[in-house]
Amino acid sequence: MSGWDEGAVFYSDQAQFPMGAGDLQRGSGTFHSALRKFKEFIRSFTSEKGDFPYRDRLIDQPNELSVAIEDLSAFDPELSDKIRRSPADYLPLFETAAAEVLASLRSKVPGESGEMEEPVTGEVQILLSSKENSVSIRSLGAEYMSKLVKIAGIVIAASRTKAKATYVTLLCKNCKNVKTVPCRPGLGGAIVPRSCDHVPQPGEEPCPLDPWVVVPDKSKYVDLQTLKLQENPEDVPTGELPRNMMLSVDRHLVQTITPGTRMSVLGIYSVFQASSASQKSAVGVKQPYIRVVGLEQSRGANSGGPSEFTSEEVEEFKNFARRPEAYRELCSMIAPSIYGHGDVKKALACLLFGGSRKTLPDGVRLRGDIHVLLLGDPSTAKSQFLKFVEKTAPVAVYTSGKGSSAAGLTASVIRDNSSREFYLEGGAMVLADGGVVCIDEFDKMRVEDRVAIHEAMEQQTISIAKAGITTVLNSRTSVLAAANPPSGRYDDLKTAQDNIDLQTTILSRFDLIFIVKDIRMYEQDKLIASHIIKVHASGAAATSKETGTLEGENWLKRYIGYCRQECKPRLTERAADTLKSKYVEIRQKMKQQANESGKSAAIPITVRQLEAIVRLSEALAKMRLSESATEEQVEEAYRLFNVSTMDAARSGINEHMNLTGEMANEIKQAEAQIKRRVGIGSHISERRLIDELTRMGLNESIVRRALLIMHQREEVEYKRERRVILRKA
């Protein structure tokens with residue numbers, strides 16, 4: 001019988017049966033006095049300003065009232081203590097009190113007969129909030145049962161909205177007698193009586209046992225949704241997996257939370273009987289869940305809804321944006337513990353602020369997010385940059401290439417255990433909507449997984465057609481990827497094509513591609529070493545001096561949030577003209593280079609790259625809170641593009657092959673000598689060959705170049721980590 005409503009029958013302190021529960025066994029005295037006190041609290045609680053906050057709030061928002069527990073304990077400590085100890089009994093009283101106060105505050109309305117009547121008010125939902133520290137999900141045990149608890153975490157899944165019966169209408173099969181039974185709040189079912197209370201008349205057949213049939217149409221319902229809350233990654237002990245807790249939210253809290261949101265929850269720790277077949281025998285074993293009575297989104301953690309900024313903050317942001325040095329100061333705040341890499345920091349600043357998203361009249365959307373790829377040697381702080389961006393961006397997800405599949409990055413289809421229905425669970429690109437996805441070890445990803453993010457990077461959507469679910473999810477994210485060249489280190493003796501072993505389809509989607517090399521220079525090495533030692537020796541001291549008066553990361557996070565929310569810059573006409581001529585110039589250069597070398601560039605320069613410079617210019621204007629991007633910003637955007645993507649496209653040996661006639665002759669001579677010395681199909685040590693040829697009077701670098709050119713023509717092949725040369729036919 002109880003299967004029609006979710007959860008089986010179980011015992012819990014219930015508000016609908018006040019005589020049988022906890023504190024209220026002393027009779028209706030306590031019950032009545034608590035109701036009176038609640039009414040008094042709503043009517044007469046005054047704030048420091050001298051107004052009546054709860055009374056005013058109730059008139060403005062008649063459906064819900066959020067109450068701070070601290071105010072309640074200031075008004076009556078005993079009352080707040082009762083709510084903490086047995087919230088299931090006292091919260092419904094509080095809601096009744098609020099509804100009665102609301103009715104008394106409303107003016108009377110003329111009824112059908114012309115007499116003045118009380119206005120009909122609906123139910124009022126009480127939402128509690130508390131400033132206390134949240135407890136860990138791990139520490140919730142039996143001692144918290146049916147008490148008020150506060151926990152924090154990330155919502156990872158949200159179910160569909162269901163209808164939950166509050167009162168079930170029952171009909172007797174025999175005598176058609178109708179009875180209304182209250183339903184337990186949360187995930188509880190209704191307790192259906194076994195027998196009908198109809199007294200049979202003489203000659204009438206008595207009602208049998210279990211005569212009741214549920215009449216769903218006549219029952220009363222509220223909305224109910226279940227969420228899955230996972231503990232924050234920073235709270236998980238080393239080597240443990242994060243724990244989950246099930247939450248049930250009802251009425252006005254339904255569909256206010258999207259997966260990926262960080263929040264703290266105030267609720268009643270309760271249990272329900274798991275309906276799985278395997279646990280039918282263990283009647284005493286229950287599944288815990290939290291019935292939510294108050295939600296609070298963590299400040300600044302989710303940019304889904306607009307963050308609130310105080311007027312002092314806004315004033316401070318505007319003053320900062322007016323400073324002539326604003327751009328330089330912002331770039332110095334990005335990863336201050338990393339020495340050098342000025343242009344990479346500027347690019348990351350642009351990525352965090354982002355360009356302007358545009359929707360054209362024909363419905364085409366142009367992305368405003370900037371994608372950056374860092375490619376280069378190990379130990380050049382690539383992963384450190386990624387970790388910094390993850391901490392600073394309003395929303396960020398960090399994943400590693402080998403550890404993420406196509407479904408994990410986009411969306412996976414999962415079957416629900418209880419209802420056996422398929423539902424979607426968003427992956428990294430969906431959870432980071434409106435933020436940044438940091439992908440480390442980008443080159444180690446399988447090719448089929450990398451293809452999955454093509455659509456997300458350019459069209460900013462993810463299309464799913466699996467298991468009868470056909471849908472399009474938004475993923476308006478920036479991608480920051482870090483990769484190593486195929487041979488581990490960046491090899492200057494190889495072409496750009498061999499060094500950047502990624503397909504042109506994915507490369508053209510990145511706005512900026514930085515090649516980060518580990519260059520051995522005496523002066524620079526000394527500076528880097530002293531900086532690292534200083535950071536290790538004094539910890540935060542080295543970085544705190546540089547940030548000056550502004551308090552580091554949190555301030556930067558708020559400033560980025562404010563700029564992204566308030567500012568949508570556009571190019572000025574003069575800036576657009578400058579940009580047009582620059583783009584045509586780049587295309588001509590690339591065409592010329594392709595003609596000279598006979599090969600196309602490793603990184604294609606297409607219209608996407610023109611859009612990239614537009615987005616960079618807008619991001620630079622956004623840092624200044626300016627509504628228009630000027631020529632100066634276009635120049636800086638072009639410079640950034642030139643030192644990153646253009647440099648990468650020009651890198652490698654092809655660029656250095658502009659040989660003089662004399663060098664070409666020497667290389668030809670060296671080739672002839674190599675062919676004489678090494679027969680087809682024979683091996684020789686590279687070191688030995690070079691030594692022999694230098695003894696004959698040839699220059700070592702010329703011999704190396706000759707070997708490289710022969711290797712490109714596939715006349716020779718390297719074996720045993722380039723130590724042995726094999727001559728091919």
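Is Phe-320 buried or exposed, and what is its relative accessible area? Phe-320 is buried, and its relative accessible area is 2%. I open with this residue, colleagues, and shall return to its surroundings in a moment. Please bear in mind throughout that we are looking at a predicted model.

If we take the contacts between residues at least 6 apart in sequence, 71% of them join residues at least 24 apart.

I turn now to the aromatic residues. The count of aromatic pairs comes to 13. One of them is formed by Phe-38 and Phe-94, a stacked pair with 4.3 Å from centre to centre and 15° between the planes. Phe-38 belongs to helix α1, residues 28-44, and Phe-94 to helix α5, residues 87-105; the pair thus links distant parts of the chain, 56 residues apart. Both Phe-38 and Phe-94 are buried.

The pair made by Phe-320 and Trp-555 has another geometry. Here the ring centres are 4.9 Å apart and the planes stand at 75°, so the pair is edge-to-face. Phe-320 is found in helix α6, residues 311-322, while Trp-555 is found in helix α17, residues 552-566, so the pair ties together parts that lie 235 residues apart in sequence. What is the relative accessible area of Trp-555? The value is 5%, and Trp-555 is therefore buried, the cut-off being under 20%. Phe-320 and Trp-555 also belong to one aromatic cluster, together with Phe-317, Phe-353, Tyr-559 and Tyr-562.

Two rings have a charged side chain over the face. Arg-55 lies over the face of Phe-52, at 4.2 Å from the ring centre. Lys-387 lies over the face of Tyr-398, at 3.8 Å from the ring centre.

Consider helix α2, residues 53-60, and helix α5: their axes come within 10 Å and cross at roughly 75°. That angle makes α2 roughly perpendicular to α5. On the α2 side, the contact is made by Arg-55, Leu-58 and Ile-59; on the α5 side, by Ala-98, Val-101, Leu-102 and Leu-105.

From α22, Glu-686, Arg-687, Leu-689, Ile-690, Leu-693 and Thr-694 take part in the contact, and from α23, Glu-700, Val-703, Arg-704 and Leu-707.

Next, two individual residues in helices. Glu-455 is found in helix α12, residues 447-458. With a relative accessible area of 26%, Glu-455 is partly exposed. Leaving aside neighbours within four places in sequence, Glu-455 is in contact with Gln-460, Thr-461, Ile-462 and Ser-463. Its C-alpha atom is separated by 9.9 Å from that of Arg-509, a residue 54 positions apart along the chain.

Thr-578 has its place in helix α18, residues 573-597. At 16% relative accessibility, Thr-578 counts as buried. Which residues does Thr-578 touch, not counting those up to four places away in sequence? They are Glu-631 and Glu-635.

Finally, I draw your attention to two backbone angles. Gln-255 is not a glycine, although it has a positive phi of about 60°. Gln-255 is in the loop between β10, residues 244-250, and β11, residues 262-272. Its relative accessible area is 59%, and Gln-255 is exposed. Glu-441 likewise has a positive phi, near 50°, in a residue other than glycine. Glu-441 sits in the loop between β19, residues 436-440, and α12. At 27% relative accessibility, Glu-441 counts as partly exposed.

Thank you for your attention.

Note on methods. Residues numbered from 1 in each chain as written. Predicted model: local features only at pLDDT ≥ 70, side-chain atom pairs only at ≥ 80, totals over all residues. Heavy atoms only, no water. Phe/Tyr/Trp six-rings, centres within 6.5 Å; stacked < 30°, edge-to-face > 60°. Helix = DSSP H or I, 4+ residues; strand = E, 2+ residues; numbered from the N terminus. Buried < 20%, exposed > 50% of the residue type's maximum accessible area, 1.4 Å probe, protein only. Lys NZ or Arg CZ within 6 Å of the ring centre and 35° of its normal. Contact = heavy atoms within 4.5 Å. Axes fitted to C-alpha atoms, helices over the stretch in contact; angles between N-to-C directions. Parallel < 35°, antiparallel > 145°, perpendicular 65-115°, else oblique.
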